[in-house]
Amino acid sequence: MAPDTGGLTLDTAPKPSPAADASPGDGPAVRVRGLTRGFGGRVVLDGIDLDIRRGEFVALLGRSGSGKSTLLRAVAGLDHGVAGRGSMDTPEHVSMVFQDSRLLPWQRVLANVVLSLPGPNARERGRAALAEAGLEGRERAWPHELSGGEQQRAALARSLVREPELLLADEPFGALDALTRMRMQALLLRLVEAHRPAVLLVTHSVDEAITLADRVVVLADGTVGADVPVDLSGPRESASPAFADLRRRLLSELGVTDAPDEEAPA
Ligand SMILES: Nc1ncnc2c1ncn2[C@@H]1O[C@H](COP(=O)(O)OP(=O)(O)OP(=O)(O)O)[C@@H](O)[C@H]1O
């Protein structure tokens, strides 16, 4: 089913962890098998197999042009007309966030969040979602009155108010300054913890992937070049040796072998 790219649904009752919910018979949230996609005879995805468990956070890395967005759009069901084959199981409720907020400029912030939102008390739920995303009191603002970071907060609220089982995010913080980006990463983690969707996040930032994800998948040559769990105990400090080891490993998967101590672009 195509993702819901507007609106949200907030139950105020805390949700149990989907991992705890899942019985052994439950399948993964996403199951992709043998996915191929190409443009004009050029193969971009060449037999991708990928599972994402319910509630699991997967970051997708890959060099520019490796097919990250192509994969995300395929999982979202937004690539009609693109040549390819393969099978895909995805949940019914999917939301997507992009690098730009895609708020409708002629609608106020709350109206954007609740646009086409099904179920009762939409405006109340929208207000709660905005508050959860740190935008309490900005419901009547116009999108252009919000900063870039605030617009992305509204976009997150719009996605999560619908309680998606799967959140697809394509470089959602790519256009933000470093400090705002860190704040938004923390917000995303909080929201994901509260709502527990499975997440597939496309990012160019190795550090962002390690900071946020349970698992990092690296696309290379049209396939999954590496599938690496983030097994870091305690807080994910980018200065810690374990973080640096993982960064080095992922950078090497991306073909960067001079092992910098600081973040390098993927
Ligand atoms: N609609 C399209 N028509 C033709 N070629 C396309 C189309 N969409 C993507 N491509 C090509 O497919 C390849 C993969 O593109 P994609 O956007 O998926 O890569 P990406 O890994 O997300 O790149 P980036 O990190 O630079 O955003 C690129 O070479 C791109 O030019």
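This is a predicted model: local features need pLDDT of at least 70, side-chain atom pairs count only at pLDDT 80 or more; totals for chains, interfaces and linings use all residues.
Me: Thanks! What feature does UniProt place at residues 30-246?

Reply: The UniProt record, an unreviewed entry, gives "domain: ABC transporter" there.

Me: Okay, on to the ligand. Which residues surround it?

Reply: On the list are Phe39 and Val44, then Gly62, and then the run Ser64, Gly65, Ser66, Gly67, Lys68, Ser69 and Thr70.

Me: And how does that shell split by class?

Reply: Seven of the residues around the ligand are polar, two are nonpolar and one is charged.

Me: Which element gives the largest share of the shell?

Reply: That would be helix H2, residues 68-76, which supplies three residues.

Me: Changing topic: what is the strand order in the six-stranded sheet?

Reply: The order runs E5-E6-E7-E3-E8-E9; the sheet is open and its pairing is mixed.

Me: Which strands sit at the edges?

Reply: Strand E5 (94-97) and strand E9 (223-229), each of which pairs on one side only. Neighbouring strands in this sheet are turned by 20° against each other on average, ignoring direction.

Me: Let's stay with E5. Is its pairing with E6 parallel or antiparallel?

Reply: Parallel: E5 and strand E6 (residues 166-170) are joined over four bridges.

Me: Nice, and which residue in E6 does Val94 stand opposite?

Reply: Val94 faces Leu166 there.

Methods. Residues are numbered from 1 along each chain as its sequence is written. A residue is near a molecule or strand if its C-beta atom, placed from the backbone, lies within 6 Å of it. Helices (H or I, at least four residues) and strands (E, at least two) are DSSP runs, numbered from the N terminus. Ala, Val, Leu, Ile, Met, Phe, Trp, Tyr, Cys and Pro count as nonpolar, Asp, Glu, Lys and Arg as charged, and the others, Gly among them, as polar. Two strands pair if DSSP finds at least two bridges between them. Axes are lines fitted to C-alpha atoms, for helices over the stretch in contact, and angles run from 0 to 180 degrees between N-to-C directions. UniProt positions are given in the numbering used here, feature names are shortened, and annotations may be inferred rather than shown by experiment.
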